[in-house]
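The structure comes first, and the notes follow it.

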Amino acid sequence: MAGEVARYLRQLILLKEAGVRDPRQASRVLWSGKVPAPPDQMGELLRQARGFSARHLARSMRLAYRTDIALRSSPPDERALLERLVLSIMRPLLNARARA
């Protein structure tokens with residue numbers, strides 16, 4: 001599961017870095033990055049990539065990586081680790097909205 005989150009974040013990072021605006025271009029970028037997505041999801045992925053800062057995406061990727069390592073290295077409580085990952089990713093966004 002953490003691997004799937006990391007893959008999704010990688011897609012968003014690639015789209016953000018490439019400054020992609022067009023779904024066809026997005027598809028090419030993701031294919032070249034070896035993380036393709038179905039064509040009907042490109043518009044939503046582009047919208048989501050624009051909604052996050054590059055800094056937030058990089059931080060989220062580090063959290064997903066750490067969670068993946070924790071899941072592989074010991075008999076963890078998988079659900080608790082994944083819940084912690086999601087909360088850690090969302091916390092800065094929720095705090096920013098609360099301040100606004």
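## Helix H1 and the residue after it

Gly-19 follows H1 and has a positive phi, near 65 degrees; helices here are DSSP runs of H or I with at least four residues, strands are runs of E with at least two, and both are numbered from the N terminus. The model is predicted, so that local features need pLDDT of at least 70 and side-chain atom pairs count only at pLDDT 80 or more, while totals for chains, interfaces and linings use all residues. Residues are numbered from 1 along each chain as its sequence is written, and side-chain values use heavy atoms, with hydrogens and water left out.

The end C-alpha atoms of H1 are 24 Å apart, which agrees with the 24 Å that its 17 residues should span at 1.5 Å a residue, the expected span being 1.5 Å times one less than the number of residues. The buried residues of H1 are Ala-2, Ala-6, Leu-9, Gln-11, Leu-12, Ile-13, Leu-14 and Leu-15, where buried means under 20% relative accessible area, exposed over 50% and partly exposed in between (1.4 Å probe, protein chains only). The cover over these buried residues includes H2, H3, H4 and helix H5 (78-99).

## Packing of H1 and H3

Two packed helices are described by the angle between their axes and the distance between the axes. For helix H1 (residues 2-18) and helix H3 (residues 42-51), the axes come within 9 Å and cross at roughly 75 degrees, which makes H1 roughly perpendicular to H3. Axes are lines fitted to C-alpha atoms, for helices over the stretch in contact, with angles running from 0 to 180 degrees between N-to-C directions; angles under 35 degrees count as roughly parallel, over 145 as roughly antiparallel, 65 to 115 as roughly perpendicular and the rest as oblique.

On the H1 side, Tyr-8, Gln-11, Leu-12, Leu-15 and Lys-16 make the contact, and on the H3 side Leu-45, Leu-46, Gln-48, Ala-49 and Arg-50 do, contact meaning heavy atoms within 4.5 Å.

## Two residues of H4

Thr-67 lies in helix H4 and counts as buried at 9% relative accessibility. Leaving aside neighbours within four places in sequence, Thr-67 is in contact with Ala-2, Leu-81, Leu-82 and Leu-85.

Ser-73, also placed in helix H4 (residues 54-73), is exposed, with a relative accessible area of 57%. A polar atom of the Ser-73 side chain lies 2.8 Å from the backbone oxygen of Ile-69.

## A loop residue

Lys-34, in the loop between helix H2 (23-32) and H3, has a positive phi of about 65 degrees although it is not a glycine. Lys-34 counts as exposed, at 69% relative accessibility.

How values were computed:
Polar contact = N/O pair within 3.5 Å; in protein donor to acceptor, adjacent residues only side chain to side chain.
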